[in-house]
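Student: I would like to learn how to read a few features of a structure. Could we go through them one at a time?

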Amino acid sequence: MSSDEAKKLSHAATADAGPVITQKSLNDDVLRMISKPGRLWWIIFIIDLMILAVGLIAERNQILYGIGVAGHTRPVMWASYVANFVFWVGIAHCGTLVSAILFLFRSHFRRAVYRVAEAMTVFGVLTAGLFPLLHTGRPWFAYWLFPYPNQRQLWPNFRSPLEWDVFAVTTYLTVSSIFFLVGIIPDAAVARDRTNNRWLKLIYTVFSMGWTGSNNQWKNFYGAYLYFAALATPLVLSVHSVVSWDFAMSQVPGWHSTIFAPYFVAGAIFSGVAMVINLLIPIRKAFKLEHIVTVDHIEKLSKLVLLTSSIVGYSYLCEFFSAWYGPSKVERDLFWWRATGHFAWAFWIMFTCNVIIPLSLWFKPVRRNMGLLFVLCLSFNVGMYFERFVIIVTSLAHPFNPSTWDVNYRMSWTEGAILAGSFAWFFMFFLIFVRLLPAFSIAEIKETLTAPMRRKPS
Amino acid sequence: MIGMLGKLVDKLLAGPKANYRGVMGVYYYVDDATEAVKTLREQGHQGLSVFSPVPHHDIEHALGQKSSLVRWVTFTGGLLGITGGFSLCIYAGLSYPMVTGGKELISIPPFVIIGYESMILLAGISNLIGMLALARLPQTQSRAPYDPRFTEDKIGIWVPCSGDEARKVEQLMRGNGAEEVKVHG
C-alpha cells in the first residue's frame, strides 16, 4: 500500500470521520464504552441469560434421558450438533484472519475492527468446542479425547480426522486466546490508569500485567506480536481444513471431495466477516463511535465478504460439475437429490443467501448503507448455517444403500433449544466483553494518528 | 468484610515502596523526545528508558535498539512442538498397535497434522513466555517513576543518575522541549 493510500485509511484523514481524533479523545471515546452499563444492556443481558437457561434445560434433559432426545436417526447420526460445531468454528475464523493475516499484509483498516473480531473468535471457539462434547452424550468423558498416559497404554487413534480436530481446535482456542489477551495488555493499562473504581483497577492491573509502555516492553511486544500473527495465519487456514477433513476423509457421497478444505476455509471467512459486520454496526451506533469505526472500514470488510462469497459460489458449482462429470452414479444422484429432494428448501436457502444475495455487494451504495448491510449479513449467516446443514444431513440421508433413503431426520426441540442456547452463550461473553474490556485497540488506532511533531518533518 | 478486602486491594495496587534515583522528563513532541534521547546518549548516559503510549520508530533508532530476541524462544518452542507431536504419534502407534488392513503402524501423512498443530501450539505458548520474560512482565514495580499520562499522549524519558549529573540532565531536558522535569532521589 502506498503512503497516500495508508493516509486515506488512517483516522486522521478520513473524510467521514466527523470530529478530529486526538490521543486523549480516543482514550475517552473507547473507555466510555466500559463505564457503568445502562438499562438497555441489562435488558439484553437478562433476555440472553433466559435463552441460555432454556438451552441448559435442554442439555440437562439430554444428559438425563440420553442422546435419543435429539432427532438423530439412522443413517443421519450427525446432524444439527455437528452443523453447529462447523458453524461456530467458521464464525471463529474471521477474528484471526482480520488480526493476523491483515496484520502481515499491513492493511491499516484492520486496526479499528480487529479487537471485536478477535473477541468473536475466542467466544466462537468456546461455543464451537461445546458441540462435539454435547454430541458424545456423555460430556464428562471428554478428557478421553486427549492423549494422556494411562495404565492400559490406551492412546487415541492419531490416524483419525476426529483426533486431528481435537488438536486443531484446542490449538486454535489456545493461540487465539493468547493473541487476544496479549493484544489487550497495553489497552488494559490505559483503562487501569483512567479508572477510579478500585475493583475495576484491580481487574485492569491483572489484564495489563503492570504494563508501563517502556521501550523494552514495546520492543518485545511487537516482536512477539509479529510471530503470533505469523503463527496464527497458517493455523487459521489449517483449522478449518482439518474440520473439513472430518467429512472429506470418509467415502460418503457428497463428502468425499478434495475441494473441501479451501471451500470450507472460504465459507468460514465469509460467515465470520459477515458476523463481525453484524456486531460492529450496532456497537458503533450504540456507543456513537462512527468516527472510529468508519463507513470505509465496514465497506472494506464487506468487500472481503464479496470475495469469499464468490469462492463459496464457485465451490458449490464445482461440486455439481464434478458430480456430473465424474464417474460415480451415486454422487450424481445425491447432488440431484440435494437440489430437488426432501431437503431442497434448505439447499435453495443456502444457495440464495450465499451466492445470489451477496452479488448485491458489487454495488457501492449497498456496501455503504449500514442498515441494509446489517440485514444482508444476517442473511449470509442464515445461509451459512444451512450450508453446514445441507452438507451434513443430505449427504448422510442419501448414502450408497437406497433402502436407507427414507428420510426421517427432524430437528428435535432439544436440538433447537441447544442451538438457541449456543447463541446466548456466545452473546453472554460478548456482552460482558464490551462492558469490561476496551473493544477497540486504543494503542493501534493511536498509531494511525499523526504523531505530534514540533518541527515539520523534512 | 468488603471494606477490609477493599483496603487489601488498595494496598496491593499501591505496590511496594520504590526508591528511584534519576531524572524523569515528560515530553509531548516526538521529535523533541528523539533529540533528547540522541543528546543524552551522545553524552554517555546509559540505561535510558522511554515510556510512550505508542512505539515510535524515531525514538527506537535514537536508542539504538536491537530487534527483540523473542523469535529464538518461539523457534525453540516450535521445534519442540513438531518433534513432540511426531514422537507422541509414533510412540502411541507402537505402544498400542492398531493394525488396520495390514497397513504400517507409523503412517507419516496423518501424523503431519498432529506434528504441525503441536508445532504451532508450542511455538505460540513459548512466544508468549518469551515475550513476558523479555519484557519483564508481569511486573509489580516499574523500573522508573511511572506516570499515567504515558498511556495517554505524553512521552517520558528516564535517565538513571544522581547528584551533579542529575542537575545537568535536568537542564539539558528543559532546554530540549521537556514539558516537565523531575529529579528523583
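Tutor: Start with Gln153(A), which is exposed, with 9 other C-beta atoms within 10 Å. Keep in mind that this is a predicted model.

Student: Where does Gln153(A) lie, and what is its phi?

Tutor: In general, most residues other than glycine have a negative phi. Gln153(A) is not a glycine, yet its phi is positive, about 55°. Gln153(A) lies in the loop between α7 (130–136) and α8 (161–194) of chain A.

Student: What can be said about phi in Arg106(A)?

Tutor: The phi of Arg106(A), a residue other than glycine, is positive, near 55°. Arg106(A) is found in the loop between α5 (93–104) and α6 (110–128) of chain A. With 9 C-beta neighbours inside 10 Å, Arg106(A) counts as exposed.

Student: How do I read a pair of packed helices?

Tutor: Two packed helices are described by the angle between their axes and the distance between the axes. Helix α12 (residues 295–325) and helix α13 (residues 329–340), both of chain A, pack at about 135° with their axes 8 Å apart. Angles over 145 degrees would count as roughly antiparallel, and 65 to 115 as roughly perpendicular. α12(A) and α13(A) are therefore oblique to each other. The crossing of α12(A) past α13(A) is left-handed.

Student: Which residues meet there?

Tutor: From α12(A) come Glu319(A), Phe320(A), Ala323(A) and Trp324(A), and they meet Glu331(A), Arg332(A) and Phe335(A) in α13(A). The residues of this contact divide into 4 nonpolar, no polar and 3 charged.

Student: How many residues does each chain bring to the contact between the chains?

Tutor: Chain B gives 64 residues and chain A gives 55 residues. On the side of chain B that touches chain A, the largest share, 16 residues, comes from α5(B). That side divides into 35 nonpolar, 20 polar and 9 charged residues.

How values were computed: Residues numbered from 1 in each chain as written. Chains lettered and ligands numbered in written order. Predicted model: local features only at pLDDT ≥ 70, side-chain atom pairs only at ≥ 80, totals over all residues. Helix = DSSP H or I, 4+ residues; strand = E, 2+ residues; numbered from the N terminus. Buried ≥ 20, exposed ≤ 12 C-beta atoms within 10 Å, placed from the backbone. Axes fitted to C-alpha atoms, helices over the stretch in contact; angles between N-to-C directions. Parallel < 35°, antiparallel > 145°, perpendicular 65-115°, else oblique. Left-handed = near helix turned anticlockwise from the far one by under 90°. Contact = placed C-beta atoms within 7 Å. Nonpolar A, V, L, I, M, F, W, Y, C, P; charged D, E, K, R; others polar.
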